[in-house]
Amino acid sequence: MDFLGPAATWKGAQVAGILLSQKTKPRNAGIRDIFRRHAKIKFTEGYDAVIFGHSHMADKMVFDDGNKKKYYLNTGDFGTSFDYILYDSGAGFTLEKYNP
């Protein structure tokens, strides 16, 4: 679709993403908590940030272990919700939403 140019290609990708997504994945607190528990396990292994994606559930939690902050982020699904993660060396991680 490159021959259409960037704007038309992006619009085509958005429409295709919406049409192809059946939104059948469960979005509930139990599944979200599984991701969060896994992040906590990774924090005990020495990781400072755990980032998941394509779960269809955007989420962000900051955990403070007393010494430093640890970050769990989940991008959700950019194709339908337009969520993404931004890192700034001064502000840290933020969960953002793209507005086409």
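Student: Where is the place of Asp59?

Tutor: Asp59 is in strand S2. Helices (H or I, at least four residues) and strands (E, at least two) are DSSP runs, numbered from the N terminus. Please note that this is a predicted model, in which local features need pLDDT of at least 70 and side-chain atom pairs count only at pLDDT 80 or more, while totals for chains, interfaces and linings use all residues. Residues are numbered from 1 along each chain as its sequence is written, and side-chain values use heavy atoms, with hydrogens and water left out.

Student: Is Asp59 buried or exposed?

Tutor: Asp59 has a relative accessible area of 9%, so it is buried. Buried means under 20% relative accessible area, exposed over 50%, and partly exposed in between (1.4 Å probe, protein chains only).

Student: With which side chain does the side chain of Asp59 make a polar contact?

Tutor: With that of Arg36, at 2.8 Å. A polar contact is a pair of N or O atoms within 3.5 Å; within protein, one must be able to donate a hydrogen and the other to accept it, and residues adjacent in sequence count only if both atoms are side-chain atoms. Leaving aside neighbours within four places in sequence, Asp59 is in contact (heavy atoms within 4.5 Å) with Arg32, Arg36, Tyr72, Leu73, Asn74 and Leu95.

Student: Which residues of H2 are buried?

Tutor: They are Arg36, Ala39 and Phe43. These residues cover an arc of only 55° around the axis, so they lie on the same side of H2. The arc is that of the directions from the helix axis to the C-beta atoms. In general, an α-helix has 3.6 residues a turn, so residues three or four places apart point the same way.

Student: What do the buried residues of H2 pack against?

Tutor: They pack against strand S1 (49-52), strand S2 (59-64) and strand S3 (69-74).

Student: Which residues make up the largest nonpolar core?

Tutor: That core has five residues in all: Ala39, Phe43, Val50, Phe63 and Tyr72. A nonpolar core is a set of buried Ala, Val, Leu, Ile, Met, Phe, Trp, Tyr and Cys residues joined through side-chain atoms within 4.5 Å. Not counting residues up to four places away in sequence, Tyr72 touches several residues, among them Phe35, Arg36, Val50 and Asp59.

Student: Let us change topic. Where does His54 lie?

Tutor: His54 lies in the loop between S1 and S2, and the place of His56 is in that loop as well. At 55% relative accessibility His54 counts as exposed, whereas His56, at 13%, counts as buried.

Student: What is phi of His54 near?

Tutor: Phi of His54 is near 60°, and phi of His56 is near 70°; each is a positive value in a residue other than glycine. Most residues other than glycine have a negative phi.

Student: Finally, where does Pro100 lie?

Tutor: Pro100 lies in the segment after strand S5 (92-97). At 54% relative accessibility, Pro100 counts as exposed.
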